[in-house]
Amino acid sequence: MLQLLDYDAIIFDFGGVILDLDYHATRRAFEELCGCDWQILYSQQQQTALFDDFETGRIDPATFRDGLRRLLGQELSDRAIDTAWNAMLGGVPLVHVEFLEQLRSQRPIFLLSNTNAIHQAAFEQRFIEDHGDRHSGLPALFEQAYYSHQLGDRKPHASIFQTVIDRHQLDPSRTLFLDDSPQHLEGAKQVGLHTAWIPSGQLLQQVRL
(Lines give C-alpha, C1' and ligand atoms only; values in the text may rest on other atoms or scores of the structure.)
Protein backbone atom coordinates (compact mmCIF):
# COMPACT_ATOMS: atom_id res chain seq x y z
CA MET A 1 0.00 0.00 0.00
CA LEU A 2 1.28 3.43 -0.99
CA GLN A 3 2.03 5.82 1.87
CA LEU A 4 1.19 9.36 0.76
CA LEU A 5 3.02 11.11 3.57
CA ASP A 6 6.27 9.81 2.10
CA TYR A 7 5.88 12.62 -0.49
CA ASP A 8 5.94 16.39 -0.12
CA ALA A 9 2.98 16.98 -2.48
CA ILE A 10 0.38 14.84 -4.23
CA ILE A 11 -1.42 15.45 -7.53
CA PHE A 12 -4.70 13.56 -7.97
CA ASP A 13 -6.60 12.66 -11.09
CA PHE A 14 -10.33 13.13 -10.56
CA GLY A 15 -12.65 10.76 -12.43
CA GLY A 16 -12.16 7.15 -11.37
CA VAL A 17 -9.83 8.12 -8.51
CA ILE A 18 -11.83 10.61 -6.43
CA LEU A 19 -15.08 10.81 -8.40
CA ASP A 20 -17.07 7.66 -9.13
CA LEU A 21 -17.14 7.26 -12.90
CA ASP A 22 -18.94 4.92 -15.29
CA TYR A 23 -18.07 5.44 -18.97
CA HIS A 24 -20.55 2.73 -19.91
CA ALA A 25 -23.45 4.81 -18.54
CA THR A 26 -22.80 7.50 -21.15
CA ARG A 27 -22.41 4.86 -23.87
CA ARG A 28 -25.76 3.34 -22.92
CA ALA A 29 -27.44 6.74 -22.73
CA PHE A 30 -26.32 7.80 -26.22
CA GLU A 31 -27.03 4.43 -27.76
CA GLU A 32 -30.57 4.59 -26.35
CA LEU A 33 -30.95 8.11 -27.75
CA CYS A 34 -29.77 7.45 -31.28
CA GLY A 35 -28.97 3.76 -31.77
CA CYS A 36 -25.33 4.64 -32.51
CA ASP A 37 -22.13 2.75 -31.63
CA TRP A 38 -20.82 5.22 -29.07
CA GLN A 39 -17.68 3.17 -28.40
CA ILE A 40 -16.37 4.12 -31.84
CA LEU A 41 -16.47 7.80 -30.87
CA TYR A 42 -15.38 7.80 -27.23
CA SER A 43 -13.76 5.58 -24.62
CA GLN A 44 -11.41 5.94 -21.65
CA GLN A 45 -8.47 5.01 -23.88
CA GLN A 46 -9.17 7.12 -26.97
CA GLN A 47 -11.59 9.62 -28.45
CA THR A 48 -12.27 11.58 -31.61
CA ALA A 49 -10.91 15.11 -32.17
CA LEU A 50 -14.21 16.69 -31.11
CA PHE A 51 -13.74 15.48 -27.54
CA ASP A 52 -10.07 16.49 -27.45
CA ASP A 53 -11.03 19.97 -28.63
CA PHE A 54 -13.70 20.23 -25.93
CA GLU A 55 -11.37 18.97 -23.19
CA THR A 56 -8.73 21.54 -24.11
CA GLY A 57 -11.13 24.46 -24.38
CA ARG A 58 -10.69 24.97 -28.11
CA ILE A 59 -14.45 24.78 -28.54
CA ASP A 60 -17.31 25.86 -26.27
CA PRO A 61 -20.30 23.74 -25.14
CA ALA A 62 -22.54 24.95 -27.97
CA THR A 63 -19.97 23.98 -30.60
CA PHE A 64 -19.45 20.62 -28.89
CA ARG A 65 -23.17 19.87 -28.93
CA ASP A 66 -23.44 20.83 -32.60
CA GLY A 67 -20.46 18.60 -33.38
CA LEU A 68 -22.12 15.68 -31.61
CA ARG A 69 -25.32 16.20 -33.60
CA ARG A 70 -23.33 16.00 -36.81
CA LEU A 71 -21.39 12.91 -35.71
CA LEU A 72 -24.52 11.14 -34.53
CA GLY A 73 -26.76 12.33 -37.35
CA GLN A 74 -29.46 13.24 -34.83
CA GLU A 75 -31.19 16.52 -33.97
CA LEU A 76 -30.90 16.06 -30.22
CA SER A 77 -31.79 18.82 -27.77
CA ASP A 78 -29.11 20.49 -25.66
CA ARG A 79 -30.69 18.98 -22.56
CA ALA A 80 -30.73 15.46 -24.00
CA ILE A 81 -27.06 15.74 -24.97
CA ASP A 82 -26.01 17.11 -21.59
CA THR A 83 -27.97 14.44 -19.70
CA ALA A 84 -26.43 11.61 -21.71
CA TRP A 85 -22.95 13.15 -21.64
CA ASN A 86 -23.11 13.58 -17.85
CA ALA A 87 -24.46 10.06 -17.25
CA MET A 88 -20.92 8.80 -16.63
CA LEU A 89 -20.51 11.09 -13.62
CA GLY A 90 -21.18 9.67 -10.18
CA GLY A 91 -20.52 11.43 -6.91
CA VAL A 92 -17.54 11.97 -4.63
CA PRO A 93 -17.94 9.49 -1.75
CA LEU A 94 -17.89 11.01 1.71
CA VAL A 95 -14.97 8.76 2.68
CA HIS A 96 -12.93 10.37 -0.12
CA VAL A 97 -13.86 13.85 1.09
CA GLU A 98 -12.81 13.02 4.64
CA PHE A 99 -9.59 11.40 3.45
CA LEU A 100 -8.66 14.45 1.35
CA GLU A 101 -9.45 16.81 4.23
CA GLN A 102 -7.15 14.84 6.50
CA LEU A 103 -4.40 14.66 3.88
CA ARG A 104 -4.57 18.36 3.01
CA SER A 105 -4.00 19.24 6.66
CA GLN A 106 -0.59 17.58 6.31
CA ARG A 107 0.47 18.00 2.67
CA PRO A 108 -0.36 20.26 -0.29
CA ILE A 109 -2.63 18.36 -2.67
CA PHE A 110 -3.71 19.24 -6.20
CA LEU A 111 -6.38 18.12 -8.64
CA LEU A 112 -5.48 17.61 -12.33
CA SER A 113 -8.36 16.48 -14.50
CA ASN A 114 -9.03 16.04 -18.19
CA THR A 115 -12.53 17.47 -18.26
CA ASN A 116 -14.80 19.97 -19.96
CA ALA A 117 -17.18 22.78 -19.14
CA ILE A 118 -20.35 20.65 -19.19
CA HIS A 119 -18.89 18.03 -16.88
CA GLN A 120 -17.35 20.60 -14.53
CA ALA A 121 -20.68 22.32 -13.98
CA ALA A 122 -22.36 18.96 -13.33
CA PHE A 123 -19.86 17.43 -10.90
CA GLU A 124 -19.39 20.65 -8.92
CA GLN A 125 -23.16 20.98 -8.53
CA ARG A 126 -23.45 17.30 -7.53
CA PHE A 127 -20.74 17.84 -4.90
CA ILE A 128 -22.74 20.68 -3.32
CA GLU A 129 -25.92 18.58 -3.41
CA ASP A 130 -24.18 15.62 -1.76
CA HIS A 131 -22.00 17.44 0.75
CA GLY A 132 -23.62 20.85 1.24
CA ASP A 133 -21.30 23.83 1.53
CA ARG A 134 -18.55 21.74 3.09
CA HIS A 135 -15.24 23.47 2.37
CA SER A 136 -17.08 25.90 0.03
CA GLY A 137 -17.28 23.30 -2.72
CA LEU A 138 -15.09 20.72 -4.43
CA PRO A 139 -12.13 22.91 -5.53
CA ALA A 140 -11.60 24.08 -1.94
CA LEU A 141 -10.53 20.54 -0.97
CA PHE A 142 -7.29 21.20 -2.85
CA GLU A 143 -4.49 23.71 -2.90
CA GLN A 144 -5.53 24.20 -6.52
CA ALA A 145 -7.84 22.37 -8.94
CA TYR A 146 -6.63 22.27 -12.55
CA TYR A 147 -9.00 21.41 -15.41
CA SER A 148 -7.76 20.69 -18.91
CA HIS A 149 -10.35 22.86 -20.65
CA GLN A 150 -9.20 25.87 -18.62
CA LEU A 151 -5.48 25.22 -19.15
CA GLY A 152 -5.77 24.53 -22.90
CA ASP A 153 -3.76 21.35 -22.38
CA ARG A 154 -4.48 17.77 -21.37
CA LYS A 155 -2.95 14.61 -20.00
CA PRO A 156 -0.84 12.74 -21.00
CA HIS A 157 1.09 15.74 -22.39
CA ALA A 158 4.15 16.39 -20.25
CA SER A 159 3.49 20.12 -20.55
CA ILE A 160 0.38 20.03 -18.36
CA PHE A 161 2.31 18.41 -15.52
CA GLN A 162 5.10 20.93 -15.95
CA THR A 163 2.55 23.72 -15.59
CA VAL A 164 1.50 22.45 -12.16
CA ILE A 165 5.12 21.96 -11.09
CA ASP A 166 6.14 25.45 -12.18
CA ARG A 167 3.15 27.28 -10.71
CA HIS A 168 3.72 25.79 -7.28
CA GLN A 169 7.50 25.31 -7.39
CA LEU A 170 7.14 21.62 -6.68
CA ASP A 171 10.09 19.25 -6.54
CA PRO A 172 9.13 16.45 -8.97
CA SER A 173 11.37 13.99 -7.13
CA ARG A 174 9.24 14.58 -4.02
CA THR A 175 5.83 14.75 -5.73
CA LEU A 176 3.43 11.89 -6.51
CA PHE A 177 0.81 11.75 -9.29
CA LEU A 178 -2.12 9.29 -9.07
CA ASP A 179 -4.31 8.33 -12.04
CA ASP A 180 -6.55 5.45 -13.11
CA SER A 181 -5.50 5.76 -16.79
CA PRO A 182 -2.05 4.18 -17.28
CA GLN A 183 -1.37 6.23 -20.42
CA HIS A 184 -1.52 9.43 -18.39
CA LEU A 185 1.29 8.29 -16.11
CA GLU A 186 3.79 8.43 -18.97
CA GLY A 187 3.64 12.21 -19.34
CA ALA A 188 4.09 12.61 -15.58
CA LYS A 189 7.18 10.40 -15.65
CA GLN A 190 8.70 12.55 -18.40
CA VAL A 191 8.87 15.53 -16.05
CA GLY A 192 10.27 13.46 -13.17
CA LEU A 193 7.16 12.89 -11.09
CA HIS A 194 6.60 9.72 -9.11
CA THR A 195 3.48 7.96 -10.37
CA ALA A 196 1.00 5.34 -9.23
CA TRP A 197 -1.81 3.64 -11.10
CA ILE A 198 -5.02 3.51 -9.08
CA PRO A 199 -7.58 1.05 -10.46
CA SER A 200 -10.92 2.81 -10.84
CA GLY A 201 -12.78 3.03 -7.54
CA GLN A 202 -9.91 1.66 -5.43
CA LEU A 203 -8.24 4.77 -4.01
CA LEU A 204 -8.57 3.82 -0.36
CA GLN A 205 -7.58 0.24 -1.08
CA GLN A 206 -4.31 1.44 -2.64
CA VAL A 207 -3.14 4.35 -0.45
CA ARG A 208 -2.88 5.47 3.14
CA LEU A 209 -1.58 8.51 4.98
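**Note on the parallel sheet and its surroundings**

1. Strands E2 and E3 run parallel and are joined by three bridges. In this pairing, isoleucine 10 has isoleucine 109 of E3 opposite it. The model is a predicted one, and the points below should be read with that in mind.

2. On its other pairing, E3 meets E4, again in the parallel sense, over four bridges. Here phenylalanine 110 stands opposite glutamine 144 in E4.

3. Strand E2, residues 9-12, is also joined to strand E5, residues 175-179; four bridges link the two, and they run parallel. Phenylalanine 12 faces leucine 178 of E5 across this pairing.

4. Taken together, these pairings belong to an open sheet of five strands, in the order E4-E3-E2-E5-E6, with parallel pairing. Strand E4 (144-147) and strand E6 (194-197) each have a single partner strand and stand at the edges, so one side of each has no neighbour in the sheet. From one strand to the next, the twist averages 20°.

5. How much of E3 is buried? Five of its five residues are, so the strand is mostly covered by the under 20% relative accessible area cut-off. The side chains divide by direction: Ile109, Leu111 and Ser113 point one way from E3, while Phe110 and Leu112 point the other way, and all are buried.

6. Serine 113 deserves a separate entry. This residue lies in strand E3, which covers residues 109-113. Its relative accessible area is 4%; buried means under 20%, so serine 113 counts as buried. Once neighbours within four places in sequence are set aside, serine 113 is in contact with Asp13, Phe14, Tyr146, Tyr147, Ser148 and Lys155.

7. At the E5 and E6 part of the sheet, helix H10 (residues 182-190) lies across both strands. The angle between H10 and E6 is about 175°.

8. Helix H4 (residues 61-72) passes a simple length check. Its twelve residues, at 1.5 Å a residue, should span 16 Å, and the end C-alpha atoms are 16 Å apart, which agrees. The expected figure is 1.5 Å times one less than the number of residues. Within H4, the buried residues are Phe64, Arg65, Gly67, Leu68, Arg69 and Leu72. Glycine 73 follows H4 and has a positive phi, near 65°.

9. Which overall radius goes with this chain? A compact globule of 209 residues would have a radius of gyration near 17 Å, and the protein chain has 17 Å, which agrees. Along the principal axes, the C-alpha atoms of the chain fill a box of roughly 50 × 35 × 25 Å. The chain holds eleven helices and seven strands.

10. As to burial across the chain, 49% of the 209 residues count as buried. The accessible surface of the protein chain comes to about 9,600 Å², and 45% of that belongs to carbon and sulfur atoms.

11. Contacts can also be sorted by sequence separation. Of those between residues at least 6 apart in sequence, 69% join residues at least 24 apart.

Terms used
Residues are numbered from 1 along each chain as its sequence is written. This is a predicted model: local features need pLDDT of at least 70, side-chain atom pairs count only at pLDDT 80 or more; totals for chains, interfaces and linings use all residues. Side-chain values use heavy atoms; hydrogens and water are left out. Two strands pair if DSSP finds at least two bridges between them. Axes are lines fitted to C-alpha atoms, for helices over the stretch in contact, and angles run from 0 to 180 degrees between N-to-C directions. Contact means heavy atoms within 4.5 Å. Buried means under 20% relative accessible area, exposed over 50%, partly exposed in between (1.4 Å probe, protein chains only). The radius of gyration is taken over C-alpha atoms; the globule rule is 2.2 Å times the number of residues to the power 0.38. Accessible areas come from the Shrake-Rupley method with a 1.4 Å probe; for residues, only the protein chains shown count as cover.
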